[in-house]
Amino acid sequence: MSHYETLQQATASHRQWLLDTPVIRQALEGNITQEIYQAFLAQAYHHVKQTVPLMMACGARLPPRLEWLRGALVEYIEEEYGHQEWILDDIRALGGDAEAVASATPAPATELMVRYVRDVIAYDNPVGFFGMVHVLEGTSTAIATQAAEQMRDRAGLPANAFRYLESHGSLDIGHLAFFEEQINRLEDPADLQAIIDAANMVYRLYGAMFRNLRQDADDAVSHEGLSHALV
């Protein structure tokens, strides 16, 4: 069994817990409101904007024996840079306040996910960062394109509000193949275990983020109503 197959097997139950999230199933059916989609984009912005800084932190802490992995990160950084701006464009296409999203505090699960991975890099094994990659890229290839198509066609959302989802569904297929290649090159079992441990934790936190989107959407509507009332 390859390292990548071991990773897939060791994280299968946590991955399924994430995919069983009701709001994900609703999105795949196109049965989702604009408010919930916008709440998703808001949280996506807050973790996507941290992707490149986390990659850079990981690369800085990799040991010399993993110089080849540092080189792979350089290539990956070039492809990921600036994607949070695509999300802000999607929010604007929905009629949302992108600047308010950018200046807001992320939801607890989103913030904890980023902080957890940052701590893994800084205090544990920096290779564990790739556990987050495994979760986000794998989830994206599994649902992003299909969810975007269903929401656009059945939920009546603006056709130009899906740049982030549509690009990442296809883009991340290539990323996932690249990721698999790198994982299979690892030689130290501790590195693979660090990725497995981080992936399982990120699955739980990412799943918690999705499970709270309805509350996030309700809070945003309440806040907007209060803002209008105060004007």
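H4 and H9 are roughly parallel to each other (the term covers angles under 35 degrees, while over 145 counts as roughly antiparallel, 65 to 115 as roughly perpendicular and the rest as oblique). This is a predicted model, in which local features need pLDDT of at least 70, side-chain atom pairs count only at pLDDT 80 or more, and totals for chains, interfaces and linings use all residues. Residues are numbered from 1 along each chain as its sequence is written, and side-chain values use heavy atoms, with hydrogens and water left out.

**The chain overall**

- The protein chain has 13 helices and zero strands; helices (H or I, at least four residues) and strands (E, at least two) are DSSP runs, numbered from the N terminus.
- Of the 231 residues in the protein chain, 47% are buried; buried means under 20% relative accessible area, exposed means over 50%, and partly exposed is in between (1.4 Å probe, protein chains only).
- Among contacts in the protein chain with a separation of 6 or more, 83% are between residues 24 or more positions apart; contact means heavy atoms within 4.5 Å.
- The protein chain has an accessible surface of about 11,000 Å², and carbon and sulfur atoms account for 52% of that surface; accessible areas come from the Shrake-Rupley method with a 1.4 Å probe, and for residues only the protein chains shown count as cover.

**Helices H4 and H9**

- Helix H4 (residues 34-48) packs with H9 at an angle of about 15 degrees, and their axes are 10 Å apart; axes are lines fitted to C-alpha atoms, for helices over the stretch in contact, and angles run from 0 to 180 degrees between N-to-C directions.
- H4 and H9 have a right-handed crossing; right-handed means that the near helix is turned clockwise from the far one by less than a right angle, and left-handed means anticlockwise.
- On the H4 side, Gln43, His46 and His47 meet Thr110, Met113 and Val114 of H9.
- The residues of this contact of H4 with H9 are two nonpolar, four polar and no charged; Ala, Val, Leu, Ile, Met, Phe, Trp, Tyr, Cys and Pro count as nonpolar, Asp, Glu, Lys and Arg as charged, and the others, Gly among them, as polar.

**Helices H5 and H9**

- The axes of helix H5 (residues 51-61) and helix H9 (residues 108-123) come within 9 Å and cross at roughly 15 degrees, so H5 and H9 are roughly parallel to each other.
- The crossing of H5 and H9 is left-handed.
- Leu54, Ala57, Cys58 and Arg61 of H5 meet Val114, Val117, Arg118, Ile121 and Ala122 of H9.
- In the contact of H5 with H9, seven residues are nonpolar, none are polar and two are charged.

- Gln84 is in helix H7 (residues 83-93), and at 18% relative accessibility Gln84 counts as buried.
- Leaving out residues up to four places away in sequence, Gln84 touches Tyr45, Val48 and Lys49.
- Ile183 lies in helix H11 (residues 163-185) and is buried, with a relative accessible area of 2%.
- Ile183 touches His3, Tyr4, Phe130, Leu192 and Ile195, not counting residues up to four places away in sequence.
- Ile183 and Leu69 are 114 residues apart in sequence, and their C-alpha atoms are 9.4 Å apart in space.
- Gln38 is in helix H4, and at 22% relative accessibility Gln38 counts as partly exposed.
- Beyond residues up to four places away in sequence, Gln38 touches Ile91, Leu94, Gly96 and Asp97.
- Gln38 and Ala161 are 123 residues apart along the chain, with 9.6 Å between their C-alpha atoms.
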